[in-house]
Structure formats: structure tokens, C-alpha cells
Amino acid sequence: MPALNFNEMKIYTFSGDTSYAVARTLRYITLSLSTLLIVCSCKPPNTPKDSDVTTEMTESNEKHAHTNRLINAASPYLLQHAHNPVDWYPWGKEALNKAKEEDKPIIVSIGYSSCHWCHVMERESFENDSIAVLMNAHFINIKVDREERPDVDQVYMEAVQAMGLGGGWPLNVFLTPDQKPFYGGTYFPPQNWAKLLGSIHDAYQKDKGKLLESAEKFTESLSQSDIEKYGLQIGNKNFDTATLNDMYALMEEKFDITRGGMDRSPKFPMPSNWMFLLRYFAVSGQTKALDQVLLTLDEIAMGGIYDQIGGGFARYSTDAKWFAPHFEKMLYDNGQLLSLYAEAYTLTGKDLYRQVVYETVDWLKREMINDDNGFYAALDADSEGEEGKFYVWTKSEMEAALKDSELAELMFDYYHVEADGNWEHGNNILHKRESDEVFAEKHSLSLEDLMEKVHKTKGLLLEGRSKKERPGLDDKALAAWNGLMLKGLIDAYTAFAEEDFLKLALKNARFVESKLRKGERLLRSYKAGKSSINGYLEDYAFVAQAYIALYQATFDEAWLIEAQSLVDYTMKHFYDEEEKMFFYTDDSSERLIARKKEIFDNVIPASNSAMAVNLYHLGLLLDKKEYMGTAKDMLSQVTVLLEKEPGYLSNWGILYSYLSQPTAEIAIVGKNYKEIIQKIHQKYIPNKVLVGAADSSALPLMENRYAMDGKTTIYVCYNKACKLPVHTVEEAFSQLD
């Protein structure tokens, strides 16, 4: 099955609008088109027979000497296909113009470098000479890295979902020469792919009119914005706790109260869901919400989805127990999970969460950083042609690496290692099922002794697996994902006061400024000394979010100025005055068949929800009423959706929690302001903004704020009305409570 895509839910799930009727019509068209393709399935002369494909698949898959146009790409994913016999083009004018000139349908094949099933389809079909002959003869073939061109991916993913065909990667979509989609799908086995190619070629020759008619209908659907589709409009801006309670009640219905997360498999971490529930607990005191968050974080941290030896998280668990991961490691997951575990630590003080944060930062420094202090995008799931091989162990391999039979026996129990393997092919996925305290007691060990043995084990196993072939590395650095990891490092710093975390964060922030800024603009991607592609809304949103956090960790106003600069650019070049939301693309970007707005939160929060949170916080910090007004306009539009599907709008729910009660405005003035700020950060107070300086500042929240009696002074205010100035953190906390 293809890599799964949580965007599937967002099409046509809400009642009371026209979406269902549209979906029904489009799916009828798809069924009609499928029938047409079956009827027109007589194979053209160059279509490979099933036996040809099967025979070719049993032969050794060598890299072809052929080189196609992808050889000049920067994207590791495109470069992986540069020697396919398929005559691939990158997305661009050359390919699109050629399709029109030759009146050929276009195949757009979209994936990313760490996508397991993308590699499988390449190996089975795109390295297959017989299939390549058919693709080259009858189609213009375009390869797209979804991480470089999420705008292209958005449009055609939505098209395939509207067809009722399911979404995921690899995403393979058939277009007319003017880029309009008429059919698509995800992974196809080689025999099915060959038959589909033949059928579509035949249908395009014999019944082009029906294909073009279908393409027009799908394009009309794509042109409709989500705002229009769901009938969203600016409404009530009285954001109340009753609505938060309703959101929680809907999410609670889907909890897995045994293993954490939601009651489904596969399981994605979905950090913004748990961030929302932490904030809901802060507002409501609802202990069930907190219990579910902590259960989830415990289970993830002890499961196979977390790299027990090297730190860092895999993309998702294929089962409901967080046990068997899809082994690719994405920067965006790990950045958000750093924030989540650091925040949960400030609330609970659990050592497990500290351990996860420190180990994940160690992984980041060891495996994911370039010479310019930018962070790489991802690590593949595969090595040596097998998914997860780098991370799993046979019992004998682990015993040999540990070199100590007594230690090995203890660690076999600790990580649930079995002689025949606890997973596939005799391999073991290392995971835990009980806390360290319980395990130590069971084995009559002190906790300190156990931790010493675990630390030794991790070092030896890291050394052992360093001798294995490493998974492929996607070594481009993306602005948005660096922003998410930068925010994660800042949150880790504020939770633990670990100076190394701040140093790394500052180095990364300077990388973004020096390598991914071009005047007012952000660029999307950096690799091998070259920056490319104009930034998308998510790039601006997540980098600005990180800069706002960096200011509140350091009180260096330069980062606040940079955040404001990025937000002002988006207001000028992305904002739609008519619908009061932001487009995903800059007004000067390439025009696709649709210009989309990203509304629904996913594994990564929607760029619009992230921008709304930024506008709210900047509005408070800079006293910009227009920013706060825009944020409230945006939130009021999606409240009707929040009340129905909060699990897919949880970052909007976070903003709702901020607006349901007054936000604490905390100003600190005096020579010890940095010590004070660290103590404030280490207490869980999610709904706050912070300003500070040793003496004075031009920021509005610092107006008439000064150190009283020569002592560092703390001002706690709500809606610009301040409580009495105090000099100790304890006094400030009592005012915040």
C-alpha cells in the first residue's frame, strides 16, 4: 500500500454545504472514466505484455546508463530518477510546452526522497525498459519533489481525492496538455501500471472528448476555494470556553485510552492535537485531557516509532501500538515533537521527556546538520534495499555488539528482544513496555545502576549500527521545516535552560537569514551552496513563529523585527482581502490551474492557522490591533469547522484557547532579567507573551516599565491592565494563577 496521507479527511466531510453534491458528481465522472479506460484497454503496439513486464522484473535491476533531464536538479528525489530510462522532465515550461506542441497527455509523478513506496515504484516500473518505452512514446513525463513544490502537490492531491481514488505518495496523475487532471492514483504494481498506460493512451486517441470533459469538471472543483466550498464567513468573535469543551468532547470520542493517540491504525504523532489538549487542560483543568496526552507521549517514547538507540522519531506507526514504524525520519515531525515533549516536561517534570528531548537533539547534531548549520530534510526508511534494516537487530547481532552476555540478557528483556525476532525476518524492533522505575525494581537494580547500563548499551549499539549501510539522506534544507526545528530547539532551551540548545538554535537562525533570505523574501530550499524556489506561506509562517519564540527566549529585538518583516510581506503578497485568508503561494509565483489556501491542520499545522497564531502574538507584542483583528477574522471563519472536526483543526483550536481567556502580558526589567525569564519559562503557562530588557526598550509593552528600587521588576498585565509590580518569580506566579 502507498504511504498514507492524512489529508484524505478534508474533502467533503462536513454536512450542511454543497460539498457532498460536488463530490458525488465528481466521483460519478471518475467511475465513468474508469469504465471508459476499461473499454479502451486494447493495447497500442508499444505496450509491454504482462509477460514482458514480469520477465523484466525478475532480471537484475541495474542503473541504466541513460541520463534524463533530472540530472541537473538539486532535489535528491529528482536525482534518484536521473538515470531512469523514462524521459523525465522537471516541472517547468519545457515539459508543459512540449505537451501542448505534441498534444500528449502528461504524467505527473510526485513523491519525496524518503518515501518507501516511491522507491518501490521506481524500481519496479520507472527502471523497467518496456514500461519506459510506453511512457516515452505516448506521454510527457514530469517528476515532482513534493517537498520542493508543495503547491503542485496540493493541487493534484486534491484532484485525486476528489476523484474518490485515495491520496498518498507516490502520487501519479494524468493531465491534459493544459495541466488539467483527469485520472490518477498512488502506487501501481508494474503490470497494472503498464495496462493503465495503454488504456489511457488508447482512450486519448479514440475518445479524447470525454477525457477533456472530465478534466474540465475536476478543474472547476479545484478552482473553488475551501472558504467557498464550506460556506465559511466571518462570524462571532466571542471565543468562549463552552466551545472549547465541545471540541474536547468530540476528540475524546476517538481516544485510544489503552495505547494513547486516537483509536485507529496506522498512527501518526499529530503533535498539534496534543498541544491543543495541553492548552485545553490549562484552561479547563480537565484531567482526562491531560491523562490522554501523557499516555500518548509515554507510549510514543517507549514504542518502536521512537529510535530507542539514537533518538528521533519515525514518521508514523503502521500499527495501533506505536510498535512498528514506517522508518523514515522527517525533520518536521522531530521539530514539533521536540516542542511537545519540552512543553510537557515543564508541566510534569517527567525524566522520560527530558531523555527524549536530549537524545533527539543529539540525533539532530549527529545526523541532520550541514556545514552551514542548516538542517537536512529527512532520512530514508530503506537501506540495502530493505525498510528499517539500519534500525532493527537480530538477537545475535545485538549480543555481538554488546560483548557482554550478562548485559545482553538484561537488555533483551529491557527492549523485548526475541530469539526469532519480534518483527519480520527474525529482526527485532527495540521498544519498552514499562517505566525504568518498574523495570529496575523487577531486576533488583537501583535506577542509577539501570540507567548506567542503558547508557552503555546505547553507546555500544550506536557504534555497532554505524558499521551498517546508512539510509539515504535528503540533504536539502527547507525553510519551513528548519523553522519548525528551530522552534523545537528554542522550546527545549526554555524548558531545560540548556545553553547548547540555544547556541544551536542561534546558528540555525543565522543560517536561515544568510542562506534562505533574499531581500524581503524567503526562499524555500538550500542545497550545496545554492538557494532556490520562492518561499510558500508555510515557510514564512514557521520561520516567523520561530523568530517570535527566539525573541521571547533571548529578548534580542532583532528577531522580533525579522518576524514582523516576514509577516508584513505575507500580508502584502499572500493575503486575500476578499476571503480574509492567505493563499499558499506568493502573488508573483507561477500560476497553476488553481491557487489554493491551506485551511486544515495535518501532521504539519496549516499555514493559515500558523499565520493566525503569529498575527495574534505579534499583535500583542507590538500592539498592532490590525494583526489581532486579522487573526480573529480568520479564526471566526473556521469555528464552524472546529465545532465538527477539531482533530483536523487543532492548531486553530490552540488559537481559540488563547482567545477564550485573557493572555498574560509579562514584562521584565532589570539586570537579572535573563535569570527571571528562565524561571518563568520553566513553569507551564501556555497563554502568555514575554518582553524584557536590562533597562529600556521601545516595545509598547515596555512603555513606562522600569526597574523599581534598583531591583529587577516583573509586570504581569492582562489586556494592558497591570497588577502591582513585583520582584520575585513566586510573586509573579501567584498573580498569573
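Student: Is Lys180 buried or exposed?
Tutor: This is a predicted model, and Lys180 has a relative accessible area of 18%. The cut-off for buried is under 20%. Lys180 is therefore buried.

Student: Which residue does the side chain of Lys180 meet in a salt bridge?
Tutor: The N to O distance in this pair is 3.8 Å. A salt bridge needs a nitrogen and a carboxyl oxygen within 4 Å. The side chain of Lys180 meets that of Asp178.

Student: How many residues apart in sequence are Arg517 and Glu562?
Tutor: Their side chains meet in a salt bridge at 2.8 Å, N to O. Arg517 sits in strand β16 (residues 517–518), and Glu562 in helix α23 (residues 557–573). The pair therefore ties together parts whose separation in sequence is 45 residues.

Student: Where do Arg69 and Asp87 lie?
Tutor: The two side chains form a salt bridge at 2.8 Å, N to O. Both residues are partly exposed: Arg69 has a relative accessible area of 31%, and Asp87 is at 24%. The pair ties together parts that are 18 residues apart in sequence, because Arg69 lies in the loop between α2 (50–58) and α3 (76–80), and Asp87 in the loop between α3 and β2 (88–90).

Student: Which residues are linked in a network of salt bridges?
Tutor: The structure holds 45 salt bridges. Some join up into a network. Its members are Asp145, Glu147, Asp474 and Lys476.

Student: How much space lies in the largest cavity?
Tutor: The count is five cavities of 30 Å³ or more. The largest cavity holds about 800 Å³.

Student: Which elements give two or more residues to the lining of the largest cavity?
Tutor: The lining has 36 residues. Arg279, Glu343, Lys487, Asp491 and Tyr658 lie nearest the centre of this cavity. The elements that give two or more residues are α12 (271–284), α14 (331–348), α20 (479–496), α22 (537–554), α24 (607–622), α26 (650–659) and β22 (688–693).

Student: How many residues of that lining are charged?
Tutor: The lining of the largest cavity includes 19 nonpolar residues. Another 11 are polar. The charged residues number six.

Terms used. Residues numbered from 1 in each chain as written. Predicted model: local features only at pLDDT ≥ 70, side-chain atom pairs only at ≥ 80, totals over all residues. Heavy atoms only, no water. 1 Å grid on protein atoms, 1.4 Å probe; cavity = no way out; pocket = protein on both sides within 12 Å on 5 of 7 lines; lining within 4 Å. Points joined across faces, edges and corners; volume = space filled by probe spheres on them. Helix = DSSP H or I, 4+ residues; strand = E, 2+ residues; numbered from the N terminus. Nonpolar A, V, L, I, M, F, W, Y, C, P; charged D, E, K, R; others polar. Buried < 20%, exposed > 50% of the residue type's maximum accessible area, 1.4 Å probe, protein only.
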